[in-house]
Structures are given as C-alpha cells and as structure tokens.
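Colleague: Could you pick out one part of this model and take a close look at it for me? I'd be glad to hear how the surroundings look as well.

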Amino acid sequence: MSDNYNMLLAGFGGQGILFAGKVIAYGGLMEGKEISWLPSYGPEMRGGTANCSICVSDTPIGSPLVLSPNVFIAMNLPSFDKFIDSVEAGGTVIVDSFLINKKVERTDVKTFYVPATQLAEEKGLKGLANIILIGKLFKETGFCSWASLEKAIAKCVPPRKQHLCASNIQAIKLGMEY
Amino acid sequence: MAERFLMKGNEALAEAAIQAGCKHFFGYPITPQTELAAYMSKRLPKIGGTYLQAESELAAANMVLGATSAGVRAMTSSSSPGISLKTEAISYMAGSDVPALIINVQRGGPGLGGIQPSQSDYWQATKAPGHGDLHILVFAPATVQEMVNLVGKAFDLGDKYRMPAMILADGMLGQMMEPVELPDTMEQQLPEKPWATCGHKNARKHNVINSLYLTPQALEELVVERFKRYEVIKENEQMWQEYRTEDADYVVVAFGASSRVAMSAVDTAREQGIRVGLLRPITLFPFPTKPLKKLAETAQKFLCVEMNMGQMVDDVRLAIECKRPVEFFGRTGGIIPTPAEVLNEIKKLGGTK
C-alpha cells in the first residue's frame, strides 16, 4: 500500500469512532504528514451511525471527504453494509466481528476480523474496542511508527485523564496480537 | 517552527481571533458553527474578555456594533440562517464605518435549509450583506491553517478601512480537524482608534458613531467617500492562489471547500495530460479580477466549481470581460462535489467525455 491513507471509520455514536480517528490523525501528524479529519455531523449521530474520514498523506490534502477508502474500519452492521462496496480494491478492511456477524464477500480487499468489543469486555478494557481495532490497523498497515502512536495516545487522552494512557496502550497491543 | 497540532476549524477560528486581540464575542448557537462559540465561552472569561450568548442573532450583532464603537476588537459568528438575522446590524456597522469580524460557517439554504456544508451565501456576502450601498471585506479560507491566518488579516484590514469583515467558511471547514500553527501575536499593539466612543475626559471633542443621515446630500457624500475606499480596496487587497495555471488551457475557479475538491481533480486531469489549472479566490470582496483578467489572455475556457447554483459565475465573467466561456459545475443543498465529478466536467471542457 502507498503511504497515502484515505481511511473511513464507521459505527454507532458512542463507540469512540471520532476519538479513534483522532488517534490515527495524531499518529500521522507525529510523522510530519499532512492530515485531515472530518466527522459526520448532524442528526445521524443521535442513535444512528457516526463516521469519520481521515487522510494521511505526503502531499497537501484535497477533498477531506473519503469516498473510496483504502482503509475501512467497521464497528456496526449498518456502516458495514453501507460502505463495504466503496473500499478501494487492494484496501484493508477491519471488522469488529463481535458486532458484525457477516463476512466480506469481496476477494479484492484484505479483511481482518477482530471481536474487539468482546475482547475489550473480557480484558477489563470496556469502551476501548475502538483502540483495539487501531492496534490491528497499526500492525497490518504501519500507518505510523510505534513511537508516534504512543505520542498520539498521550495527545488524545485529556490531560486530567492521563492515567488512561496505559489502558489505551494495552488495548493497542491486544489488537496487534490478535 | 512552532508545534503543529490538530484543531477543528471552528475552534481554530476562535483561538485565532483571541490571538488577534479580540476579547469580545457575542453570539447565538447554530450548527455547524457552535464549537466556535463554545470555545469562546471557555476561553474568554479566563483572559478578562466578554463572552455573551445573546437572546438572538440580531441582538448579538448589535452588541458587536456597540463593542466595536467603543474601540475594541469584537466579533460574532453564526451559520447561514443566523447570518441573515445579523444583516441589519452589519448594514449599521458599514453605515457607521466601524470594523468588526463576522464569521459565517455556511450550511445549505434557503430558509432553515439543512445543516450540511454549503457555499450558497456567496451572493449575500459579496453583494448584499445588508441593506444600502455597501460592501464588507469577505475572505474565503480553504484550510484550517488559512482560517487562522485570515482571522488576523480580517481584523487588521477591518481596522485599516473601518469596515466589517467576514470570514466565509462552511460546515466542512468548520467541522474538520487539520494541523495548525498558531501565530504568537497576543502581545501585538493594536492600532489607535481616535474615532472610538470610549470616553474622552473632556480632552477632545466627543465622537459620534451613527448611521442616520437625514440630509440626502450629506448621506450621498458619505456613501461616495465610502465607495472611493472600496476602489482602493479593489486595487490593493485582492488575494488569490494560482495552482498549475502557467500553461493552462482551462482554468477552474473555486474558493473554500470546493477549491480543495477542484485541486484534487486538477491533479488527476494533469496526470491524464489535460492542461488545466486552478484559480482560487481568497478574497471574495475584493474579487481577484487581476489574475483572472490575465488568465483570460491565454486560457480558453473557465469552469466555476461551487457548492451552490453558480453564484460566482457572473463575477468571473465580469472579471474576464466575457472574453472566454465560463462553464459551471456545482452541488448544493449540503452536498460536497466529488473530485471525480469535477474531473468529468474538466474533460467536457475539451470536448471529451
């Protein structure tokens, strides 16, 4: 895969889709890349789907709206159904297989199934399924270095909650090892 | 180099205004602009400023008129329907020759419209931001960093020419995060405002800020003087970016969010051997007529790409004195055009599909 990533993260509001996107964006930023992060906003965030476009690029970013992602992370079925066909051929798809009981029929994308929500529950990392999936993304694509990813976590976790950095890193590792 | 960090467009606009010495914000919440006001509500009380959520958009804009009349940097922000409500006060500010910053994070219209990104307030911003003979300065940033840079510029030029300035952004730019570097201008010396009504301790004649002139001759004289100022602005303050236009047969003209989409399309078209470039107006008033006039000497066709129904097309035609055809492609209602759609339109310019 090229060093330019057009990523789409999608799921329900409350799963930390936007936060996960921010971690990726900061990871890229720490590498000195051009970054854009664009959330969906509006009524669809209330009980419906939330999604987030992230571009990580060596050159200035044109449209920040990702329509054909080369990385797609799905955290619920409606998002999976809506976007799976838009993924670029050769792209990477990461599915929370605990929440999405469906396989990718396409053979031209690399798919990884991680039961992230279940793993998070079992390991006492409730609410960090999003970060587990980022761990998987990191392992499969290396979109940034480990040092950058660590810094990104520290940047994204609010200053008064820095004690949560450790559990976020634990979640990343869990995703990498799955 | 200062540290780059990620910031939402709306928050970057707010912080840039604070850095530019603006400590007085009056607003009323509306999507997709609300983060701007929310940021101000957190920051301004900590630095001795005023954050006030008014009872309405009009009230907020009139509070800006009051604050700026006292000589401080003041601002308001809203999104399309809210800006319509502010236009009365914007006209009064223009008629009173006071500076102020108005930010419009546009959404789809008319009416309450939608909440998704749009550029359909171009006409309102550039032709009639209020009743009467008037213009305001209008800036159209295309990145979060440029939003930051233009806020300071808008305040400075507003002070210089004693007129309101608008940042015409949109929901996409307001909501997205990009890396920014903030200028360190907190301690800058703001210009003297000898016209301000800020108390005079009998040391000078008292100042009057007013837009009511019942004698037609006096009003005419004042408006004519103001229009002379607008001519100076048109001559000196045009801002634009040219991208791959050196040998361009075709020139795409786009501002703000749609210029980013257009830029991607231009790159792809270039890869396919089409000699196309992009002219991106950064100021919408004054409209960048100078580079367009020059490009009309060599380019064969122009294509406006906008998130509206073609509101900028006439300005491009006038700038190039109708010497070349000006085509249009746009999406409206809150839809962002895709690079593929724009590429298709670029191909049509050369007669290929």
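Modeller: Happy to. I335(B) sits in the loop between β14 (326–330) and α12 (339–349) of chain B; helices (H or I, at least four residues) and strands (E, at least two) are DSSP runs, numbered from the N terminus. This is a predicted model, in which local features need pLDDT of at least 70 and side-chain atom pairs count only at pLDDT 80 or more, while totals for chains, interfaces and linings use all residues. Residues are numbered from 1 along each chain as its sequence is written, and chains are lettered from A and ligands numbered from 1 in the order in which they are written.

I335(B) counts as partly exposed because it has 15 C-beta neighbours inside 10 Å. On this scale, 20 or more other C-beta atoms within 10 Å make a residue buried, 12 or fewer make it exposed, and anything in between is partly exposed, with C-beta atoms placed from the backbone.

Now for the setting. Chain B has 12 helices and 14 strands. Its radius of gyration is 20 Å, close to the 20 Å that the globule rule gives for 353 residues, so chain B is as compact as a globular protein of that length; the radius is taken over C-alpha atoms, and the rule is 2.2 Å times the number of residues to the power 0.38. Buried residues make up 51% of the 353 in chain B.

An assignment that is automatic or from a database divides chain B into domain 1 (5–189 + 223–236) and domain 2 (241–349). The centres of these two domains of chain B, taken over C-alpha atoms, are 26 Å apart. Where they meet, 27 residues of domain 1 of chain B are in contact with 22 residues of domain 2 of chain B, contact meaning C-beta atoms, placed from the backbone, within 7 Å. On the domain 1 side, α5 (122–127) of chain B gives the most, with four residues.

Seven of its seven residues are buried, so β5(B) is largely enclosed by the rest of the structure. In a regular strand the side chains alternate between the two faces of the sheet. Here both faces are covered: A100(B), I102(B), N104(B) and Q106(B) are buried on one side, and L101(B), I103(B) and V105(B) on the other.

β5(B) has parallel partners, too. Four bridges pair it with strand β4 (residues 74–78) of chain B, where two strands pair if DSSP finds at least two bridges between them; I103(B) is the bridge partner of S77(B). Together with helix α4 (residues 80–95) of chain B, β4(B) and β5(B) form a right-handed β-α-β unit, that is, with the strands pointing away from the viewer, the path from the first strand over the helix to the second runs clockwise.

Finally, the neighbouring chain: 18 residues of chain B are in contact with 16 residues of chain A. On the chain B side, α9 (256–271) is one of the elements that supply at least two residues, and α9(B) gives the most, with four.

Notes. Contact = placed C-beta atoms within 7 Å.
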